[in-house]
Amino acid sequence: MLPYTVIFSLCALALTAFASPVSTAGAAQVEKRATGRGTWFNVGLGACGETNKDSDKIIAISSQIYANGAHCGESVRIKNTANGKTATAIVRDECPGCGANDIDMSPSLFEELGDLDTGVLRVTWEFTN
């Protein structure tokens with residue numbers, strides 16, 4: 001008789017969970033903004049197939065987000081969390097050494113947000129298109 005008691009208890013527990021009301025009011029949409037490290041690199045031929053110059057406002061995104069070039073050409077808004085400065089860039093490269101939410105920026109883009117000598121900035125960023 002004991003196995004039936006266990007089965008009955010598990011079924012009752014499952015039914016209780018499914019019967020519990022769940023509010024969908026005010027449910028948050030999937031967050032599009034990422035927070036990570038922002039670094040800079042000397043650009044050239046990027047993984048997106050475009051050759052860029054250090055004066056171009058471009059970024060490389062992590063391999064986890066790059067998705068075989070699915071985001072190439074997309075616009076990104078970046079904010080330095082320390083000083084509030086913002087800039088816009090285009091995805092043109094992949095950054096295999098970056099953490100999931102980190103970005104690598106062209107020198108001219110990095111300079112819009114901070115000093116090159118800093119080397120690393122804490123940034124938030126999001127796709128804008």
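The discussion below sets computed values against their definitions.

Modeller: This is a predicted model, in which local features need pLDDT of at least 70, side-chain atom pairs count only at pLDDT 80 or more, and totals for chains, interfaces and linings use all residues. Residues are numbered from 1 along each chain as its sequence is written, and side-chain values use heavy atoms, with hydrogens and water left out.

Biologist: Why is Ser 108 called buried?

Modeller: Buried means under 20% relative accessible area, exposed over 50%, and partly exposed in between (1.4 Å probe, protein chains only). Ser 108 has 12% relative accessibility and therefore counts as buried.

Biologist: What makes Arg 77 buried, exposed or partly exposed?

Modeller: The relative accessible area of Arg 77 is 40%, so the residue is partly exposed. Arg 77 belongs to strand β3; helices (H or I, at least four residues) and strands (E, at least two) are DSSP runs, numbered from the N terminus.

Biologist: Which residues does Arg 77 contact, neighbours within four places in sequence aside?

Modeller: Contact means heavy atoms within 4.5 Å. With those neighbours left aside, Arg 77 is in contact with Ala 87, Thr 124, Trp 125, Glu 126 and Thr 128.

Biologist: What makes Trp 125 and Phe 127 an aromatic pair, and of which kind?

Modeller: Rings of Phe, Tyr and Trp (its six-membered ring) pair if their centres lie within 6.5 Å; planes under 30 degrees apart count as stacked, over 60 as edge-to-face and the rest as tilted. The structure holds 1 aromatic pair. For Trp 125 and Phe 127 the centres are 5.4 Å apart and the planes make 80°, an edge-to-face arrangement. Both Trp 125 and Phe 127 are buried.

Biologist: What is meant by a nonpolar core, and how many residues has the largest one?

Modeller: A nonpolar core is a set of buried Ala, Val, Leu, Ile, Met, Phe, Trp, Tyr and Cys residues joined through side-chain atoms within 4.5 Å. The largest has 20 residues, and Ile 61 and Trp 125 are among those with the most contacts inside it. Strand β6 supplies the largest share of this core, 4 residues. Apart from it lies another core, of 6 residues, including Phe 41 and Cys 95.

Biologist: Why might such residues gather?

Modeller: In soluble globular proteins, nonpolar side chains tend to be buried together.
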